[in-house]
Amino acid sequence: MTDRRTGDAGQAFPIYITVVAGLLFLAFAYFAVGQAAATRNGAQTAADAAALAAAQDAREQLRDGWLEVILDPTAWERFLNGESYVTSRACERAASFAAKNDADLWGDGCARLPLGDEGFRVQVRTRYTVGESIIPGTEGQHATAEATAVLEPRCSFTAPEPPSEPEPEPEPEPTPTEPGPILGLSCDGDPWEIDPERPRLPSAADLFTVRLAD
């Protein structure tokens with residue numbers, strides 16, 4: 001005579017195996033999705049860092065170049081507008097920051113924004129793959145991402161109106177005069193006087209805003 005309890009246990013065992021296999025499959029699927037999401041997030045982090053690094057390098061170049069012509073306001077415009085910097089140097093900084101985040105420039109790499117906007121668009125690809133050989137079929141699947149960082153000027157320059165000509169008088173003996181401060185530079189509404197004897201500019205962050213674009 002067959003023991004009913006033994007028969008029930010024998011029938012339940014395949015169901016138990018099926019349930020466990022299903023749970024393991026779900027766990028593996030969740031793990032795969034999580035790995036893919038983490039890889040995508042890593043790629044986006046690398047792209048954001050690279051784009052910001054390029055824009056910040058351009059900002060530093062602008063300030064350094066501006067200081068070289070600080071006593072000639074007629075040469076300020078290209079720096080005020082954020083236009084005078086070396087793109088290749090800024091993109092080298094982008095590549096360096098991408099590498100620090102375990103990624104490389106990819107696709108269009110690092111490119112200056114079209115005329116009318118100042119900043120950089122950067123594309124990267126992770127050096128690591130989605131599953132790193134843990135998930136079959138993902139060994140060659142890298143994540144890619146793109147980010148754009150913009151440079152926004154915070155300063156403007158308006159040359160002061162020249163003083164009105166006084167009535168002519170007999171010319172006195174010429175005496176040496178010291179150049180006066182250069183006026184008319186304003187950063188976020190705050191006026192800056194440029195002392196010809198000790199010229200200085202606001203910091204790079206005061207001159208330009210660097211941010212990620214939507």
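Predicted model: local features only at pLDDT ≥ 70, side-chain atom pairs only at ≥ 80, totals over all residues.
**Exercise 1. How many aromatic pairs does the whole structure hold, and how are the rings of Trp66 and Trp76 arranged?**

*Solution.* A search of the whole structure turns up three aromatic pairs. For Trp66 and Trp76, the ring centres are 5.8 Å apart and the planes make an angle of 70 degrees, so this pair is edge-to-face.

Where do Trp66 and Trp76 lie? Trp66 belongs to helix H1, and Trp76 to the loop between H1 and helix H2 (77–80), so the pair ties together parts ten residues apart in sequence. Both Trp66 and Trp76 are buried.

**Exercise 2. Which residues touch the most other members of the largest nonpolar core?**

*Solution.* This core has 41 residues. The ones touching the most other members are Trp66, Trp76, Phe120, Val122, Leu151 and Leu185. Helix H1 (residues 4–68) supplies the largest share of the core, ten residues.

As background, nonpolar side chains in soluble globular proteins tend to be buried together.

Now zoom in on Val122.

**Exercise 3. Where is Cys110 found, and what does it touch?**

*Solution.* Cys110 is found in strand S1. At 16% relative accessibility, Cys110 counts as buried.

Leave out residues up to four places away in sequence, and Cys110 touches Ala54, Cys91, Ala94, Leu105, Phe120, Arg121 and Val122.

Ser88 and Cys110 are 22 residues apart along the chain, and their C-alpha atoms are separated by 8.8 Å.

**Exercise 4. Which residues of H3 are buried, and which are exposed on the other side?**

*Solution.* First, check the helix itself. H3 has 14 residues and should span 20 Å at 1.5 Å a residue; its end C-alpha atoms are 20 Å apart, which agrees.

Then pick out the buried residues: Ala90, Cys91, Ala94 and Ala98. These cover an arc of only 95 degrees around the axis, so they're on the same side of H3. On the other side, Glu92 and Lys100 are exposed.

Finally, see what comes after the helix. Asp102 follows H3, and its phi is positive, near 60 degrees.

**Exercise 5. Which residue forms a salt bridge with Asp57, and what does the pair tie together?**

*Solution.* The partner is Arg93, with the closest N and O atoms 3.1 Å apart. Asp57 lies in helix H1 and Arg93 in helix H3 (residues 87–100), so the pair ties together parts that are 36 residues apart in sequence.

Compare how the two are covered. Asp57 counts as buried at 2% relative accessibility, whereas Arg93 counts as partly exposed at 28%.

The structure holds eight salt bridges. Another one is Arg127 with Asp104, at 3.0 Å from N to O. Arg127 is in strand S2 (residues 119–129) and Asp104 in strand S1 (residues 103–112), 23 residues apart. Arg127 is partly exposed at 43%, and Asp104 is partly exposed at 35%.

Then there's Arg112 with Glu118, whose closest N and O atoms are 3.1 Å apart. Arg112 is partly exposed at 30%, while Glu118 is buried at 14%.

To finish, follow the shared partners: salt bridges join Asp57, Glu60, Arg89 and Arg93 into one network.

Terms used. Residues numbered from 1 in each chain as written. Heavy atoms only, no water. Core = buried A, V, L, I, M, F, W, Y, C linked by side-chain atoms within 4.5 Å. Buried < 20%, exposed > 50% of the residue type's maximum accessible area, 1.4 Å probe, protein only. Helix = DSSP H or I, 4+ residues; strand = E, 2+ residues; numbered from the N terminus. Salt bridge = Lys/Arg side-chain N within 4 Å of Asp/Glu carboxyl O. Contact = heavy atoms within 4.5 Å. Expected span 1.5 Å × (residues − 1). Arc of directions from axis to C-beta. Phe/Tyr/Trp six-rings, centres within 6.5 Å; stacked < 30°, edge-to-face > 60°.
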